[in-house]
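Here's a quick briefing on a protein model, meant to be read with the viewer open. Have a look at the sequence and fold, then work through the notes by topic.

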Amino acid sequence: MNVSLSEKIPNNVNLSSDRKLQKALEAWLPNYIDWWRAMGPEGFQEDQIYLRTAISVEKGGWAHFDYVKMPDYRWGIFLAPPSGDNKIGFGDHLGKDVWATVPGEYRKELRRIIVTQADTEPASVEQQRLLGQTAPSLYDLRNLFQVNVEEGRHLWAMVYLLHSYFGRDGREEAEDLLIRRSGHTDSPRILEAFNKPILDWLAFFCFTMFMDRDGKYQLYALAESAFDPLARSTQFMITEEAHHMFVGDTGLQRVIRRTAELMKESPAENVRSRGGIPLDIIQKYINEWFTATLDLFGGDDSSNAATYFAQGLKGRYKESSSKRYLNHTAMDEIYSMDIPNSKGQMSSHEIPMRRAMNTVLQDAYIEDCEKSLTRWNKTLGDCGLSDQLTLPSRRFNRLQGVYSNHRFDMHGDLVSEEQWKKIRPDALPTTEDYEYVQSVMIPVLGPGKFANWIAPPKRGINSQALDFEYVRFERKN
Ligand SMILES: [Fe+2]
Ligand SMILES: [Fe+2]
């Protein structure tokens, strides 16, 4: 598991021992850099950013911090060390040896899973490329760029798998990953949620809170995979992903804290008149992003999910390490969900557990989101407010799955189309809400300074002070 940092492509996969693969990846590198320069953060490519880079795969010792220009970032290929027992932990092949190569019969499915995951990585960089121009502080600007370069590294992780294990098809897929563009009419990104631009920082914090957290659960499901190189690639990606969710979770918490402070300082005044973001707008953003991410899990009752589980390609959250699953084959088990029946009433419906794997993963995700809500509500309480933020029902505002053909309110109760029209402006952001949020997005780029709509964080990055120069500008802003 030695890490080679001196090579053109830093790696711990002994890349130099496979000349053909090394050459192919070195040929992909300049195309990647071209893509980064064209589609990465706009306007900051020449600046020095205080970034962490992976230099080993050992727990706790892998993050190295230094100033670097983003196009010079050392993107590399890192796999987590082998776990030890090397046995498949679930599905029809339970207990057999994990696979070091791709079995012919699962090649198509694995390629599809890897390409879909890979496509989200550059997509999110593209979606966030304009945000730097309205950053609320140097600290936040640096965090945005950290997330961006690591999404770039995740693309490398997946491209390595495509190049190494999928031959010519894999190389073509790797090319296409640099050709598709978020929001492009002719060649958009694969998943719809990755095609809309992120235009304000409240949306960015929701993105990293909810979308990156969906990413975490997808990665956890792949970290169980019987295809060992995929499992170990995603295991290392999860360690990087934690920072992205930290950015989202604490970002939202800081916005909520600032709003609460403004509400307390002058109870008679509207938060807007003081340049803050009202709680009801924050709630609407939460509603929008939480429900959009639920759609990313795939069908609630899904034959694809059952197949992936049976074949050993995608497991459940912490399938092999937690005690929450009694039976790792999930045979002869049922999952019951409430869905609308033909009379338009809710009724309980039982499906085989394997077909419910997307929903089971979603359950773990929702539980995780609820913990953040509890923390944010504690922040409101600490500031002396009784207001509370909530997660809407998983049925609310869905575009995919069993709830997408009906209208539900925030509590998950069926409503008519007419009622929905009345509910909507109070439950989801309106054009005016977006415009208001954008109107307060004024860049604040002096060390230690923060925009008025967001509280400073508790501490800096890597034990640095809050007024540390997290970004050194080549040009003067
Ligand atoms: Fe990622
Ligand atoms: Fe991420």
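Let's start at Lys318, which sits in the loop between α8 (303–311) and β3; helices (H or I, at least four residues) and strands (E, at least two) are DSSP runs, numbered from the N terminus. This is a predicted model, where local features need pLDDT of at least 70, side-chain atom pairs count only at pLDDT 80 or more, and totals for chains, interfaces and linings use all residues. Residues are numbered from 1 along each chain as its sequence is written, while chains are lettered from A and ligands numbered from 1 in the order in which they are written.

**Loop residues**

- Lys318 has a phi near 55 degrees, a positive value in a residue other than glycine.
- For background, most residues other than glycine have a negative phi.
- Lys318 counts as partly exposed, because it has 15 C-beta neighbours inside 10 Å; a residue is buried if 20 or more other C-beta atoms lie within 10 Å of its own, exposed if 12 or fewer, and partly exposed in between, with C-beta atoms placed from the backbone.
- Asn462 also isn't a glycine, and its phi is positive at about 55 degrees.
- You'll find Asn462 in the loop between α11 (431–439) and β7, and it is exposed because 12 other C-beta atoms lie within 10 Å.
- Ser416 belongs to the loop between β6 (414–415) and α10 (417–427).
- Ser416 is exposed, since it has 11 other C-beta atoms within 10 Å.
- Between Ser416 and His406, ten residues apart in sequence, the C-alpha to C-alpha distance is 8.3 Å.

- Strands β3 (residues 334–340) and β4 (residues 346–352) pair in the antiparallel sense over seven bridges; for two strands to pair, DSSP has to find at least two bridges between them.

**The three-stranded sheet**

- An open, antiparallel sheet is made of three strands in the order β2-β1-β7.
- Its edge strands, each pairing on one side only, are β2 (63–69) and β7 (471–472).
- Strand β1 (residues 48–54) is joined to β7 by two bridges, and the two run antiparallel.
- Gln48 is the residue opposite Arg472 in β7.
- Helix α3 (residues 138–165) packs on this sheet and touches β1 and β7, with its direction at about 40 degrees to that of β1; axes are lines fitted to C-alpha atoms, for helices over the stretch in contact, and angles run from 0 to 180 degrees between N-to-C directions.

**α3 against α6**

- The axes of α3 and helix α6 (residues 228–265) come within 10 Å and cross at roughly 170 degrees.
- The two helices are therefore roughly antiparallel to each other (angles under 35 degrees count as roughly parallel, over 145 as roughly antiparallel, 65 to 115 as roughly perpendicular and the rest as oblique).
- Contact residues include Asn143, His154 and Tyr165 of α3, along with Pro229, Met237 and Val247 of α6; residues are in contact if their C-beta atoms, placed from the backbone, lie within 7 Å.

**Tyr165**

- Tyr165 is part of helix α3 and is partly exposed, because 19 other C-beta atoms lie within 10 Å.
- Leaving out residues up to four places away in sequence, Tyr165 touches Thr101, Val102, Gly170 and Pro229.
- The C-alpha atoms of Tyr165 and Thr101 are separated by 6.8 Å, though the two are 64 residues apart along the chain.

**Helix α4**

- Gly170, Glu173, Ala174 and Leu177 are buried in helix α4 (residues 167–177).
- Down the axis of α4, those buried residues fall within an arc of 100 degrees, so they line one face of the helix; the arc is that of the directions from the helix axis to the C-beta atoms.
- Arg168 and Glu172, on the other side of α4, are exposed.
- The buried residues of α4 pack against α1 (19–39), α2 (107–127) and α3.

How values were computed:
Two residues are in contact if their C-beta atoms, placed from the backbone, lie within 7 Å.
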